[in-house]
Amino acid sequence: MSTRIAFLKGHGTENDFVIVPDPDNAIELSPAAVAALCDRRAGIGGDGVLHVVRSAAHPEARRMADEAEWFMDYRNSDGSIAEMCGNGVRVFARYLQHAGHAAEGDLAIATRGGVKSVHIAKDGDVTVGMGSARLPEGDVTVRVGERSWPARNVNMGNPHAIAFVADLAHAGDLYDPPPVSPESAYPEGVNVEFVVDRGPHHVAMRVHERGSGETRSCGTGACAVAVATARRDGADPAVTGTPATYTVDVPGGRLVITERPDGQIEMTGPAVIVAEGEIDGEWLESALR
């Protein structure tokens, strides 16, 4: 491991990430190394790591290299690999702009959930094409303590269970994953969102992200919540031909989600780079012992 490793810190609606630029995919980021970097007391701290790699240099992304030069190799804070992170894509795009690899306007970013279309606006907000939602059949129930709620199963390239509640405090502390049944609905775990209404086309949510615990924001979760809320409200853009737009408040800020008649979902929100520096390679090696 090299003596010093460049890093940046960024966040999207306070969903925060350690950014590790590694164009040639030369840095081995083991699960233990990711967990050490994301440790909020003994490391840099973050909800996850954005490993920035050229698509052509990563075996999981080479097939996408013709469409997107850069691959977001995303890891949860516990070191596990995730298919996609909506807030992470926005921060990833902001990093590419910061580093001179992208400018205002449109670009494409490769992820394990496919190639995502991104637009960097002049006002600083970043819009991400999040793809379309799948709504698997079957009843799902979320439980916290003695309370339970029916939940909507929505897949945004990663799985979500959305429960509409009377009070966000009913979600509890969200330190541990809320039990979801049947377990067979989510064999690889699930992100769980608790949602309350704030007004017409306006909701607020809390989320437990699998592998990270409660986070201040979840982009794919906000998209899943908007779709679930639209269906609850009787709105399906594919049927009506009219886009459905929802404002989704998260503990770290606000996201605007639009589902178009063709099923494609767009998420708009802020993305900020707050710091950059170097990781001490000797510290990282000692943290892994």
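This is a predicted model: local features need pLDDT of at least 70, side-chain atom pairs count only at pLDDT 80 or more; totals for chains, interfaces and linings use all residues.

Student: What span should helix α2 have, and how far apart are its end C-alpha atoms?

Tutor: Helices (H or I, at least four residues) and strands (E, at least two) are DSSP runs numbered from the N terminus. The expected span of a helix is 1.5 Å times one less than its number of residues. For α2, residues 86-98, the 13 residues should span 18 Å, and the end C-alpha atoms lie 19 Å apart, which agrees. Just after α2, G100 takes a positive phi of about 85°.

Student: How many residues of α2 are buried?

Tutor: Buried means under 20% relative accessible area, exposed means over 50%, and partly exposed lies in between (1.4 Å probe, protein chains only). In α2, 11 of the 13 residues are buried, so the helix is largely enclosed by the rest of the structure. Among them are V89, R90, F92, R94 and Y95. By contrast, E104, in the loop between α2 and β5 (105-111), counts as partly exposed at 46% relative accessibility.

Student: What do the corresponding values show for α3?

Tutor: Helix α3, residues 219-232, has 14 residues and reaches 20 Å from its first C-alpha to its last, close to the 20 Å expected. Of these 14 residues, 12 are buried, so α3 is largely enclosed by the rest of the structure. The buried residues include G219, C223, V225 and A230. Just after α3, G234 has a positive phi of about 85°.

Student: How many aromatic pairs are there, by the rule for rings?

Tutor: Rings of Phe, Tyr and Trp (its six-membered ring) pair if their centres lie within 6.5 Å; planes under 30 degrees apart count as stacked, over 60 as edge-to-face and the rest as tilted. The count here comes to 2 aromatic pairs. F17 and Y74 form an edge-to-face pair, 5.9 Å centre to centre with 75° between the planes. This pair links distant parts of the chain, with F17 in strand β2 (residues 15-21) and Y74 in strand β4 (residues 70-76), 57 residues apart. Both F17 and Y74 are buried.

Student: Why is the pair of W149 and F194 classed as edge-to-face?

Tutor: The ring centres of W149 and F194 are 5.8 Å apart and their planes meet at 80°, so the pair is edge-to-face. It also joins distant parts of the chain: W149 is in strand β9 (residues 147-155) and F194 in strand β12 (residues 191-199), 45 residues apart. W149 is buried, with a relative accessible area of 10%, and F194 is buried at 0%.

Student: Which residues line the largest cavity?

Tutor: On a 1 Å grid over the protein atoms alone, a cavity is a set of points where a 1.4 Å probe fits but cannot get out, and lining residues have an atom within 4 Å of a point. A volume is the space filled by probe spheres set on the points, which are joined across faces, edges and corners. The structure holds 1 cavity of 30 Å³ or more, and the largest cavity has a volume of about 60 Å³. Its lining includes Y74, N76, M84, N158, E209 and R210.

Technical notes. Residues are numbered from 1 along each chain as its sequence is written. Side-chain values use heavy atoms; hydrogens and water are left out. On a 1 Å grid over the protein atoms alone, a cavity is a set of points where a 1.4 Å probe fits but cannot get out, and a pocket is an open set with protein on both sides within 12 Å along at least five of seven lines; lining residues have an atom within 4 Å of a point.
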